[in-house]
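Visitor: I would like to learn how to read a protein structure, one feature after another. Could you take me through the one we are about to open?

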Amino acid sequence: MKNKLDNYIIKGGKKLFGEVYVQTSKNASLPIISASLLTTDKVRIKDCPDILDVKNMILMLQKLGVKINNDDKDIIIDSSNLNNVNLDCKLTKTMRSSIFLLGSLLHRFGTIMINTPGGCKIGARPIDIHVDAFKKLGVKVVCMGDCLFFDASKARAGKIHLKLPSVGATENIVQFACLLKGETQIFNAAKEPEVVDLCNFLSLMGAKIFGAGTNKITIYGVDRLHGVEYSPIGDRIVAGTLMVAVALTGGKLALKNVNAHQNEKLIDILRRMGCQINIKHGIIKISNSNRLSSIDVSTGYYPDFPTDLQSMLLVMMCLADGESRLRENVFENRFLIKDELIKMGAKIQQIDNRNVLVEGQPELTGCTVRAKDLRGGASLVLAGLVAQGETRVADIHYIDRGYDHLENVLSSLGADIKRK
């Protein structure tokens, strides 16, 4: 059983071999679960990942009167008795994904009060983009201490120009506008595959959405949505994590349930750093037997290199031959892993809160390190897989937020990793 105080104990030096069916995407599943509230019919979401963020989302909805049943790894959602709009403050403060409920609950109740959502402390991550977007649709928003009150009694379709291509704001407005009479247009919309997946889900429910995956999304409001069965996409960040694991440790891995195009930037980088990658019949095969080459990379919004894989790339740079540079363009505080890697022998110079310079070393040395965010925590596990000796990763509840039993997946590939 998972425990918040658990640690990962890793003995490095094992190469990874095998095949993995990549888990369903966290960042696709959460907004899809939220969007299921837009109908009173039953919705089945297939192969839902067994991760902490999904569990907390389910718990949050159950407290609102939503019936959710498990059928193996599928979840069946029945929101016909949704009777409460008071979100659990403790849960909303621990998971930023609670903001996805805003669009659907605002449609169901007309008014809603929410706490400022939490999540990983990787930057300011303001929700002002969400607030401004709803205001453009006639929603009244009032700040009341740590809470925001939304009133949609005078909401109307309209045009929204996002100042940044925010994934969350795009997904929130798409949900809300599906049942809003008239035509709503989102300019500078997020293009991420998870946004496209949400739009595909809603379209199967009867929504009229056009332009998903481009910077302009148009939604024509309909009278109602109906129930559906849906399989969300595979998790491109988990797939990327496993590809980096093989790049670091050596070995050979085949990945299924992953769209190679969605990880195109990472695949290109891995090849440039010395890995061998073959893509055929929807399966990604990666192997590595070389010392990694240095590289310069900048993160960005999709289709640029994803910020969620930035810390994994930083670990590779620590072991690459030569000097590498990494620029973070999305979040201003995403180098939390830096000090933990330095404990392991990495040479990282932080130039400012957006840029680091890395001098590659022949090896890292195991020690006790602490996860401080979801992706950084997973990256420390990767560092432990390749480090000399034993590595203890503490605070792994962060990792549980997005990885479905990561220790079991890695153990099945030959890693020496235990949860204690």
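Predicted model: local features only at pLDDT ≥ 70, side-chain atom pairs only at ≥ 80, totals over all residues.

Visitor: Let me begin with the aromatic rings. How many aromatic pairs does a search of the whole structure find?

Guide: The search finds 4 aromatic pairs. To describe a pair, we look at the distance between the ring centres and at the angle between the planes, where an angle over 60 degrees counts as edge-to-face. The ring centres of Phe201 and Tyr230 lie 5.4 Å apart and their planes stand at 70°, so this pair is edge-to-face. Phe201 belongs to helix 7 (residues 193–204) and Tyr230 to strand 13 (residues 229–230), so the pair ties together parts that are 29 residues apart in sequence. Both Phe201 and Tyr230 are buried.

Visitor: And how are the rings of Phe210 and Tyr220 arranged?

Guide: Phe210 and Tyr220 also make an edge-to-face pair, with 5.8 Å from centre to centre and 70° between the planes. Here Phe210 sits in strand 11 (residues 208–210) and Tyr220 in strand 12 (residues 216–220), 10 residues apart, and the pair links distant parts of the chain. Phe210 counts as partly exposed at 48% relative accessibility, and Tyr220 is likewise partly exposed, with a relative accessible area of 34%. Rings can also gather in a cluster, as Phe134, Phe150 and Phe176 do.

Visitor: Now to the charged side chains. How many salt bridges does the structure hold?

Guide: There are 23 salt bridges in the structure. In one of them the side chains of Arg419 and Asp6 meet, with 2.8 Å from N to O. Arg419 lies in strand 23 (residues 416–419), while Asp6 lies in the segment before strand 1 (8–11), so the pair ties together parts that are 413 residues apart in sequence. Arg419 counts as buried at 19% relative accessibility, and Asp6 counts as buried at 11%.

Visitor: Which partner does Arg44 have in a salt bridge, and where do the two residues lie?

Guide: Arg44 forms a salt bridge with Glu229, and the closest N and O atoms are 3.8 Å apart. Arg44 is in strand 3 (residues 43–45) and Glu229 in strand 13, 185 residues apart, so to speak of this pair is to speak of a link between distant parts of the chain. Arg44 is buried, with a relative accessible area of 19%, whereas Glu229 is partly exposed at 49%. The two residues also belong to a network of salt bridges that links Arg44, Lys46, Asp71, Asp74 and Glu229.

Visitor: Let us turn to a helix. Is helix 1 mostly covered or mostly uncovered?

Guide: Helix 1 (residues 26–35) is mostly covered, with 9 of its 10 residues buried. Among these buried residues are Lys26, Leu30, Ile32 and Ile33. Lys26 forms a salt bridge with Asp53, in which the closest N and O atoms are 3.3 Å apart. Asp53 lies in helix 2 (residues 52–62) and Lys26 in helix 1, so the pair ties together parts that are 27 residues apart in sequence.

Visitor: Which residues form a nonpolar patch on the surface?

Guide: The patch is formed by Met113, Val142 and Met144, which together have about 230 Å² of accessible area. Val142 is placed in strand 7 (residues 140–144) and is partly exposed, with a relative accessible area of 30%.

Visitor: My last question concerns cysteines. How many disulfides does the structure hold?

Guide: In general, a disulfide is a covalent bond between the sulfur atoms of two cysteines. This structure holds 0 disulfides. The sulfur of Cys199 has its closest cysteine sulfur in Cys178, at 7.5 Å, which is too far for a bond. Cys199 counts as buried at 2% relative accessibility, whereas Cys143 counts as exposed at 58%.

How values were computed
Residues numbered from 1 in each chain as written. Heavy atoms only, no water. Phe/Tyr/Trp six-rings, centres within 6.5 Å; stacked < 30°, edge-to-face > 60°. Helix = DSSP H or I, 4+ residues; strand = E, 2+ residues; numbered from the N terminus. Buried < 20%, exposed > 50% of the residue type's maximum accessible area, 1.4 Å probe, protein only. Patch = residues over 30% accessible without salt bridge, like charges linked within 9 Å, V, L, I, M, F, W, Y side chains within 5 Å. Areas by Shrake-Rupley, 256 points an atom, 1.4 Å probe, with all protein chains shown as cover. Salt bridge = Lys/Arg side-chain N within 4 Å of Asp/Glu carboxyl O. Disulfide = S-S within 2.5 Å.
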